[in-house]
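The exercises below ask the reader to look up named residues and to follow each solution step by step. Please have the sequence and the 3D view open while working through them.

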Amino acid sequence: MPFGTVTLNDGNEFPIIAFGTGSTMKFKDVTDYVGQAIESGFSHIDTAQYYQTESYVGLAIKESGLPRSSLYITTKYSFAGSPRQAIQQSLNKIGLSYIDLYLVHFSRLLSDFESGWQEFEKMKKDGLTRSIGVSNFTLEDLQKLLKTAVMKPAVNQIQFHPYNYASHKTLLEYCAKQNIIVEAYGSLNSITENPGGPVDAIVNAAARRIGATPNQVLFSWVRSKGATIVTTSRTKERLQEYLAVEDLHHEAPLTAEEIAAIDEAGAKGPPSQLVVARLAMQHKFEKSSPFIIWLAIAIMFGLATFFMF
């Protein structure tokens with residue numbers, strides 16, 4: 001079965017999987033990649049002011065020829081200034097009359113939570129966006145926001161994977177209690193950023209048992225935690241692999257023991273940064289001098305935050 005939707009706390013339907021245009025796609029022309037995602041079956045497209053991909057998302061939507069009602073668009077308020085001016089700029093770039101979900105990209109953008117969130121509430125009332133939410137908010141951020149909010153955030157988009165589950169467990173429980181959907185990005189961290197760690201063996205064993213890929217196992221694990229997914233890829237085959245996760249989640253689900261084992265392995269933490277660096281660069285730099293290797297490691301760690309959502 002294809003990915004369906006979940007009902008947000010404001011009554012709107014929210015597609016369970018989204019195609020993201022951040023990560024390594026930000027600051028690039030993503031028109032063809034977004035078009036490919038739509039053709040592959042993605043109806044939910046995620047962008048942001050910061051990514052500088054909104055105009056390309058708009059072009060891909062136009063080229064798809066699909067009616068507005070068949071697509072779900074998320075974008076984010078990423079820079080200081082007037083949220084109303086920002087959403088109007090985003091609407092103009094994407095070529096839409098409304099956004100489906102408008103997020104505060106980072107909590108630090110709201111210098112005053114009460115007045116800042118009131119602007120989001122008013123934009124929803126005025127029809128500029130159908131739902132409002134947040135991104136990268138901690139438990140403390142949400143608790144502070146909800147002290148004065150009239151409308152709860154519908155979504156909290158966070159980086160979520162086995163290696164940070166233990167530290168995020170309380171946040172997930174709080175979101176569930178407040179009926180705030182958690183949308184996970186960076187969920188393939190143990191494959192893309194921290195290979196060689198304790199999660200790998202558990203994930204690989206589960207993949208063999210259900211005839212899936214490690215990527216699919218990790219996304220199925222995310223779904224088992226009640227979270228939705230935002231992901232990305234440049235290849236059609238990979239997109240189809242991701243879209244097949246919902247079938248696996250229902251027809252060949254992870255066992256409670258496998259889920260618990262992934263939790264336990266994730267709690268041990270990822271391999272050390274030096275091990276990750278060695279695994280990532282040993283082939284390319286095996287003949288390089290020690291100075292070059294250490295310089296490459298330093299550069300890699302210095303740019304790490306650049307590739308985060």
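**Exercise 1: strands and their cover**

Strand S5 (residues 72-77) is mostly covered, since six of its six residues are buried; buried means under 20% relative accessible area, exposed over 50% and partly exposed in between, with a 1.4 Å probe and protein chains only. This is a predicted model, in which local features need pLDDT of at least 70 and side-chain atom pairs count only at pLDDT 80 or more, while totals for chains, interfaces and linings use all residues. Residues are numbered from 1 along each chain as its sequence is written, and side-chain values use heavy atoms, with hydrogens and water left out.

Task: work out which residue is the bridge partner of Ile-45 in S5.

Solution. Begin with the elements: helices (H or I, at least four residues) and strands (E, at least two) are DSSP runs numbered from the N terminus, and the protein chain has 14 helices and ten strands. Next, take the pairing, for which DSSP must find at least two bridges between two strands: S4 and S5 run parallel and are joined by three bridges. Finally, look along S5 for the partner of Ile-45, which is Ile-73.

Solution. Strand S7 (residues 129-135) pairs with S8 in the parallel sense, over two bridges.

**Exercise 2: aromatic rings**

Task: state why the pair of Phe-219 and Tyr-242 is edge-to-face.

Solution. Start from the rule: rings of Phe, Tyr and Trp (its six-membered ring) pair if their centres lie within 6.5 Å, and planes under 30 degrees apart count as stacked, over 60 as edge-to-face and the rest as tilted. There are twelve aromatic pairs in the structure. One of them joins Phe-19 and Phe-42, edge-to-face, at 5.9 Å centre to centre with 70° between the planes. That pair links distant parts of the chain, because Phe-19 belongs to strand S3 (residues 17-20) and Phe-42 to the loop between helix H1 (31-40) and strand S4 (44-46), 23 residues apart. Both Phe-19 and Phe-42 are buried. Now turn to the pair in the task: the ring centres of Phe-219 and Tyr-242 are 5.1 Å apart and their planes stand at 85°, so this pair is edge-to-face. It too links distant parts of the chain, with Phe-219 in helix H9 (residues 214-224) and Tyr-242 in helix H10 (residues 236-243). Phe-219 counts as buried at 1% relative accessibility, and Tyr-242 is buried with a relative accessible area of 4%.

**Exercise 3: the nonpolar core**

Task: name the two residues that touch the most other members of the largest nonpolar core.

Solution. A nonpolar core is a set of buried Ala, Val, Leu, Ile, Met, Phe, Trp, Tyr and Cys residues joined through side-chain atoms within 4.5 Å. The largest has 75 residues, and Phe-160 and Val-217 touch the most other members. Leaving out residues up to four places away in sequence, Val-217 touches, among others, Val-203, Ile-210 and Leu-254, where contact means heavy atoms within 4.5 Å. Another core, of eight residues including Phe-14 and Leu-101, lies apart from the largest one.
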